[in-house]
Amino acid sequence: MSCCGVSAEGVLALETASITAEEIALASHPLGEGLQQLDLSVPDVHCGECIVTLEKALSRLPYVRSARVNLTSRRVSCVYHEQTADGPTDPAGIIAAIHATGYRTNLLTQADWHSERAKNQLLLAVGVCGFAAANIMLLSVSVWSGADAATRDMFHWISAMIAAPALIYGGRFFFRSAWGALKRGRTNMDVPISLAVTLSYAVSLWETMHHGEHAWFDATVSLLFFLLIGRTLDHIMRDKARSAINGLARLAPRGALLVSPDGSRRYVAVEEVKVGDEIAIAAGDRIPVDGMVVSGASDLDLSIVTGESRPVAVSDGAEVSSGAMNLTGGLVVRATKLARNSLLAEIISLMEAAEGGRARYRRIADRAAALYSPAVHSLALATFLAWGILGGDWKQAMLVAVAVLIITCPCALGLAVPVVQVVAAGELFRNGVMVKDGSALERLAEIDGVAFDKTGTLTLGSPMLVRTDATAEGEIDALATAVALATHSRHPLSRALVRSCATTLSRFDQVSEIAGGGLEAIHGADTYRLGNEAYACGTPLKTSASDAPLTEVVLSRNGVLMARFFFEDTLRPGAAEAVSRLQAAGFSTAMVSGDRQSVVDATARALRIDLPLGGLTPKQKVDEIARLSAGGHRILMVGDGINDAPALAAAHVSMAPSTASDVGRQAADLVFFNDRLDVVPQAVDVARQAARLIRQNFALAIGYNVLAVPVAMAGLATPLIAAIAMSTSSLIVVVNALRLTRMDSRKKKSWASLSVKGPVYEVTPA
Amino acid sequence: MNMLIYLIPIALFMGGMGLVAFLWSLRSGQYDDLEGAAWRILSDDDVGPPTA
């Protein structure tokens, strides 16, 4: 595995990820004949060697019939036998085998079969329309080059027969969407498209039947072909982003270990937990439902729930909320709420109430269509009346009016937006930013302020040792002892100590972890304690220290203080650059956090954020966003926690890191798979460039219409002119959209010079 | 003029073959993993036949 090094993060994930056989059984689907198929996401595969390693490791298991890695969607699909000669198989071995090769793996949240089918339907339609367009164009070229009347009629008839099925098969996407819009009394880009396509076909057929000279079958079908290509690319891009996000680990537990009154334990799905049930929660597990601690003591990591960066000690009688991570000791919790009424459910109802910017937003293409279609349709009507009244030949008037409709057919307009968005989303995808929805890019270009969450967004949510105060004995010795002790714990502060220095392990005779206190080790006659001061030195707990921005841990020997260690949450790499670049570009910055105000202020000072707001509940976060929006601002919210989800939904547009809570990822419009925070200004940049290109494309398309419409209204447009004009305008629009990647590579040079200051992190294009 | 009676069906038939080939490649999953296929051809080991 030369190129497939496993990150430290990956190792941490391996330790905490526990997928049980029950969960796997729920995720598999039967293929019949005793075979089951299990689809897993493997976010780290990225080369040929990864494919071989994984497939070999899985095929070696006796009950696995076949395994195939899909590198594009970063998934492995594994077919296994439910029964072998030795009895039922344990599919957990599949997960274990993948972990043994050093890759992370997650069960897929839900396979999105629907989207897969839609993609295939679009591809089929592109194929059919492409076939029809090519053949009709061949026939049309012969007509244009001067076929005699009989041949022309035959060619028209053949074209009509090829075009009809293509029109129905490829046009249904547009007809359906146009009909949906019209039913609601609105108009979108698909209305003029459908109208032009149907009318041009009808008129061409009528001309053919009356041995006319001009038939527009080629225009009809090639228009559909171009538009379908745009639509398919758009769909594939969004599909890729969605599938990458679906492949992320699910943070919320699927099930819980129920303790029956007789003491037996049983694994049930979270939805089946009833109020009053007792649930056992091991260290390292997340709490599945809101409840009250019945027995046991532990520390809880609430960073993803409330944004509190410091673990909280809980013991008998304490209330715990779902989503919190149990760190140090086993707990038995009595459920006080059903899963569907738990904190998460409240958050989701807040989110639904807050659905703001997204619901009100109208796509730029639809806004353009609202102006465009009445203008074009009244022009066509005016042409019809003018030719009819002035010329007296109503049949000729009808033909000219239809020519106007075809010439103005929004081929370029229909491509102007999706092509730019596909190129921009592809550019962001390569930088590890997934765009879930095209309108998110349009909204991102409009923002004038950015609100950040603190824990997990501006910071990594994991503490870092910043200062050591040692007594006379010497710093190195104290640190080495503390690190040796800390290796026995999964408490985040212990982890931070272990990360801070690499030492040889000194041996202790016995180590025990006291939940809510710290670690105790016996070495010969000495007792070492690592934890809060009250525990380590036996002094009463100081309450004044609880508001200090730094978190403190104390090491003592036989009750005598040896050293104090101070921790601070690590800033996300690139956070300072991101904030300063956003401010330089004229955006106001704010921080909305659920953490203590003192910690929030300290972080805001370090990053020079304009408006630090601490101690906010999820509802207050939404209110802050609403207050800023009411002041005429359009806010980008960047956040990760469960408590951020309503604010993410309320903001004009939102981003979340891939480490975010499930509901946070769901609520966000963009998800970034990158440790560095400077993807935020980068994404805003790309979105603004895209918006500029879209405006340029509209200008080009309208400029083309201004030139072509008078020609059509004068009755001079022939199918040949229409074909040339339409394909040229489409090509110009597409080429203009491709300029985005070139602008970007020029920009990248300036980014490279910016980012050398910070530590260099590898960009993982997930 | 007479040769058109042969040539047009031939042209349409050839175009139709292309369409059928495209539909077949789509159905048999050849567009599912474009990146993986590029790597697989380079690997020396025989990792066994693909699943259906």
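Predicted model: local features only at pLDDT ≥ 70, side-chain atom pairs only at ≥ 80, totals over all residues.
Colleague: What volume does the largest cavity have?
Modeller: Its lining includes A:Asp234, A:Met237 and A:Arg238, along with A:Gln421 and A:Leu441. The elements giving two or more residues to that lining are α8 (217-246), α13 (411-430) and α14 (438-444) of chain A. The volume of the largest cavity is about 70 Å³.

Colleague: How do the residues of that lining divide by class?
Modeller: A:Val422, A:Ala425 and A:Val435 are among the lining residues, and so are A:Lys436, A:Asp437 and A:Gly438. Sorted by class, the lining of the largest cavity holds 5 nonpolar, 2 polar and 4 charged residues.

Colleague: What area is buried between chain B and chain A?
Modeller: The size of an interface is often given as the accessible area lost when the parts come together. Here 24 residues of chain B are in contact with 27 residues of chain A. Carbon and sulfur atoms give 67% of the buried area, and the total is about 2,300 Å².

Colleague: Which element supplies the largest share of the side of chain B that touches chain A?
Modeller: Two elements of chain B each supply at least two residues there: α1 (4-27) and α2 (34-40). The largest share is 11 residues, and the element is α1(B).

Colleague: Why does the pair B:Arg40 and A:Glu55 join two chains?
Modeller: Over all chains the count comes to 20 salt bridges. B:Arg40 lies in helix α2 of chain B, while A:Glu55 lies in helix α3 (residues 48-59) of chain A, so the pair joins two chains.

Methods. Residues numbered from 1 in each chain as written. Chains lettered and ligands numbered in written order. Heavy atoms only, no water. Contact = heavy atoms within 4.5 Å. Buried area = accessible area lost by both parts, 1.4 Å probe. Helix = DSSP H or I, 4+ residues; strand = E, 2+ residues; numbered from the N terminus. 1 Å grid on protein atoms, 1.4 Å probe; cavity = no way out; pocket = protein on both sides within 12 Å on 5 of 7 lines; lining within 4 Å. Points joined across faces, edges and corners; volume = space filled by probe spheres on them. Nonpolar A, V, L, I, M, F, W, Y, C, P; charged D, E, K, R; others polar. Salt bridge = Lys/Arg side-chain N within 4 Å of Asp/Glu carboxyl O.
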